[in-house]
Amino acid sequence: MALTATSTATITTLLISLFFLPKIHSSEFSGTHIRFAKADVDLLEFPLNLEFFEAEFFLYGALGYGLDKVAPNLTKGGPTPLGAKKANLDHFTQDVILQFAYQEVGHLRAIQKVVKGFPRPLLDLSKESFAKTVDAAIGKKLSPPFDPYYSGVHYLLASYLIPYVGLTGYVGTLPKLKAPSSRRLVAGLLGVESGQDAVIRAYLYEHAKEIVSPYGITVGEFTNRFSELRDKLGHQGHKDEGLVVPLAEGAEGKISGNVLAGDADSVAFDRTAEEILRIVYGSGDEKKPGGFYPKGGNGRIARSHLL
């Protein structure tokens, strides 16, 4: 059947429309679509900063080596972390941490499949770096200095410090994404990160009343102090909770056990990229690198605050 002038015009219009649809997985865009596409790219790239941290910390803790040996292509030539080493873990804890480690390798690969990414930022995973953060949380210099690699409990307390921050970041990112494929990726990452956080918190909750030697501070109190520090550094109110809370702050105001953190309706808290930078830098300021990121994070969002 011959095409009429009207049908020809309709088909031509559809073809033109298809041609100008945004390519969400590419940073090459034109016209009005660039604003939305770039927004997704930046939001998808930013979490690499936390994923690099988690991958390296878990790999070194379980194996004594990191991405430079396991998946050097994912580092994109970024510097080797400072001070990371194998932790003194029991068999069960090592097995769990190794699972986390390989999951984080997968997360890095999944993100880099859809965005260009950036080189691994310089990470300070030394015991001295963790000790400074813990001292800030406790409000005094601990003696001996806190060493995350000393034992399983020490290592899991250190693990409590960062992964949850990434989790809240993913919660905050999801509503800002434009493309369904972007939201699907972040939802999938969030699911596994939430599981990791739940495992860490559940293990620590089982030991919440135990005193961490030689500090005279319980596991539960350590987590409460860590959460308070993150809230303080984030500057955006209450978005963090330790393992034991006042009864009124527990689920439905009926229980003080708090194995999973959430708001008054037990919904996960969210954080912006800026809040995350304030916390992981340990400075309370997204413009002042430090802490675990001596030279700051990478990617457009993190670097935009350092100009």
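What follows is a set of questions about the labels, each with its answer.

Q: What kind of model is this, and how are residues numbered?
A: This is a predicted model, where local features need pLDDT of at least 70, side-chain atom pairs count only at pLDDT 80 or more, and totals for chains, interfaces and linings use all residues. Numbering runs from 1 along each chain as its sequence is written, and side-chain values use heavy atoms, with hydrogens and water left out.

Q: What makes up the protein, going from the N terminus?
A: There are 12 helices and two strands, in the order α-α-α-α-α-α-α-α-α-β-β-α-α-α. Those are DSSP runs numbered from the N terminus: helices are H or I with at least four residues, strands are E with at least two.

Q: Why is Arg120 called buried?
A: Buried means under 20% relative accessible area, exposed over 50%, and partly exposed in between (1.4 Å probe, protein chains only). Arg120 has 1% relative accessibility, so it counts as buried. Of the 307 residues of the protein, 50% get that label too.

Q: What makes Asp68 and Arg120 a salt bridge?
A: The label needs a side-chain nitrogen of Lys or Arg within 4 Å of a carboxyl oxygen of Asp or Glu. Here the N to O distance is 2.8 Å, so the pair qualifies. It links distant parts of the chain: Asp68 sits in helix H4 (residues 67–70) and Arg120 in the loop between H5 and H6, 52 residues apart. Asp68 has a relative accessible area of 35%, so partly exposed is the word for that residue.

Q: Why is H11 described as largely enclosed?
A: Eight of the nine residues of H11 (residues 273–281) are buried, so the rest of the structure largely encloses this helix. What covers those buried residues includes H3, H8, H10 and H12. As for H8 itself, 11 of its 11 residues are buried.

Q: What makes a set of residues a nonpolar core, and how many residues has the largest one?
A: A nonpolar core is a set of buried Ala, Val, Leu, Ile, Met, Phe, Trp, Tyr and Cys residues joined through side-chain atoms within 4.5 Å. The largest here has 79 residues, and those with the most contacts inside it are Phe53, Phe57, Phe130 and Phe222. Helix H3 (residues 48–63) gives the most to this core, with 10 residues.

Q: Why is Leu260 called exposed?
A: Its relative accessible area is 51%, so Leu260 is exposed. The place of Leu260 is in the loop between H10 and H11.

Notes
Contact means heavy atoms within 4.5 Å.
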